[in-house]
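Have a look at the coordinates first, then read on.

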Amino acid sequence: MPVGAASAATAVALPPMPPLPPEALAPAQSAPPKDRRVLRALARWTAAVLVFGAVGTGTALGITSLERTDVPGLETRHDGRWDYPELSLPALPSGSPRPFTESNEAEVHHADVRELLLPAPAGATPDKRLDGGWTTVEQYVSEYDKDRRKDLEQALADSALRHIAARGWTMPDGTVSRVYLLRFTSVAYADAFLDYELEVGAVPGAALAGSPESKLDKEWDTSDSSGTAQYYVYAESKPYGAKQVRQAYLAAGDTIALLLHEKKGGTAGIPFHQSVILQSQLLG
């Protein structure tokens, strides 16, 4: 069921990408978050999960206007970044707060979740099945190993899932990308699905179809810890067969994102990390 139509309020531009130094492999200290978020984070740290904060809201241009030094690990103008359009947050229904504000303790996204999907970059060929609209539970669970699909379907049926939006595309170099946003009726249901059904943690938990084994992505790092989203970033290790898959989960209030990049011969880290950060900005 789609969210109600947004008001005519002006869309808010996204904040700039935070500088991400290579040495920042653990989250920096930040202001104390809400008690529930602290307890959740502590539980995940005991499972050796690397949890990182995403950026908050504000006004600035998207990745296409940033200087090279604003993005981690970038050495030249032709380092592999994708040319995404300028991003902005959608307008909200009148009187509705952004998800991570003091007046929104439930951390609910009031915007239409389809408008929070990462857009395809320049040069991409859109996936006609995943066109930025609603998709089915069956389509989402098809990303996972066949042995897990029925259990995941049942878990989603029991978890007060509201809807799933998805977008996919293929880049000229052959990289296939898919993004899913799962919105639940509450943070509790979203967290329960991530923790107990997908079993995301020090390892990605539920195995993807065609990618049985992945590990924490050693190339991933961030120094920002504003607490609006939590990252779980993985890469398939060699030998990975015909193609390599990179995957990331974002936990952002009542919404969970799954991002996938796959490519024959290996996927590039920079555009994948770029995609993860930009999607977290949209959810923030």
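1. **Ground rules.** This is a predicted model, where local features need pLDDT of at least 70, side-chain atom pairs count only at pLDDT 80 or more, and totals for chains, interfaces and linings use all residues. Residues are numbered from 1 along each chain as its sequence is written, and side-chain values use heavy atoms, with hydrogens and water left out.

2. **Confidence.** The protein averages a pLDDT of 76, and 65% of the residues score at least 70; pLDDT is the predictor's confidence in each residue, from 0 to 100. The lowest mean, 43, belongs to helix H1 (residues 35-46), and the highest, 98, to helix H2 (residues 137-141). Below 50 you will find residues 1-12, a stretch with 29 contacts in the model beyond near neighbours in sequence. Residues 15-76 are also below 50, with 153 such contacts; contact means heavy atoms within 4.5 Å. Where pLDDT is low, the predicted coordinates should not be read in detail.

3. **The sheet.** Seen as a whole, there is an open sheet of 7 strands in the order S3-S4-S5-S9-S8-S7-S6, paired antiparallel. Helices (H or I, at least four residues) and strands (E, at least two) are DSSP runs, numbered from the N terminus, and two strands pair if DSSP finds at least two bridges between them. The edges are S3 (125-135) and S6 (214-216), each pairing on one side only. From one strand to the next, the twist averages 15 degrees, with axes taken as lines fitted to C-alpha atoms, for helices over the stretch in contact, and angles running from 0 to 180 degrees between N-to-C directions.

4. **Around S4.** S4 (residues 161-170) is mostly covered, with 7 of its 10 residues buried; buried means under 20% relative accessible area, exposed over 50%, and partly exposed in between (1.4 Å probe, protein chains only). On one side, 5 bridges join S4 to S3, with Ala165 as the bridge partner of Trp134. With S5 (residues 176-184), S4 pairs over 9 antiparallel bridges, and there Val179 is the bridge partner of Arg167. S4 and S5 make a hairpin with 5 residues between them, and Gly174 in the turn has a positive phi of about 95 degrees.

5. **Gly133.** Buried or exposed, what is Gly133? Gly133 counts as buried, at 15% relative accessibility, and its place is in S3. Leaving aside neighbours within four places in sequence, Gly133 is in contact with Arg114, Ile164, Ala165 and Ala166. The C-alpha atoms of Gly133 and Arg114 are separated by 6.0 Å, although the two residues are 19 apart along the chain.

6. **Helix H4.** In H4 (residues 187-197), the buried residues include Val187, Ala190, Asp191, Phe193 and Leu194. They cover an arc of only 160 degrees around the axis, so they sit on the same side of H4; the arc is that of the directions from the helix axis to the C-beta atoms. Ala188 and Tyr196 are exposed, on the face turned away from the buried side.

7. **The cores.** The largest nonpolar core has 30 residues, and among those with the most contacts inside it are Trp169, Leu250, Leu259 and Val276. A nonpolar core is a set of buried Ala, Val, Leu, Ile, Met, Phe, Trp, Tyr and Cys residues joined through side-chain atoms within 4.5 Å. Helix H5 gives the most to this core, with 6 residues. A second, separate core of 27 residues includes Leu130, Val141, Ile164 and Leu194. As for Leu259, its contacts beyond four places in sequence include Val179, Leu250, Phe272 and Val276, and Leu259 is also the bridge partner of Ala248.

8. Most residues other than glycine have a negative phi, and most peptide bonds are trans. Ala160 has a positive phi near 60 degrees and is partly exposed, with a relative accessible area of 26%. Glu199 has a positive phi near 55 degrees; Glu199 lies in the loop between H4 and S6. A cis peptide bond joins Lys238 and Pro239, with omega about -5 degrees, and Pro239 is in the loop between S7 (230-236) and S8.
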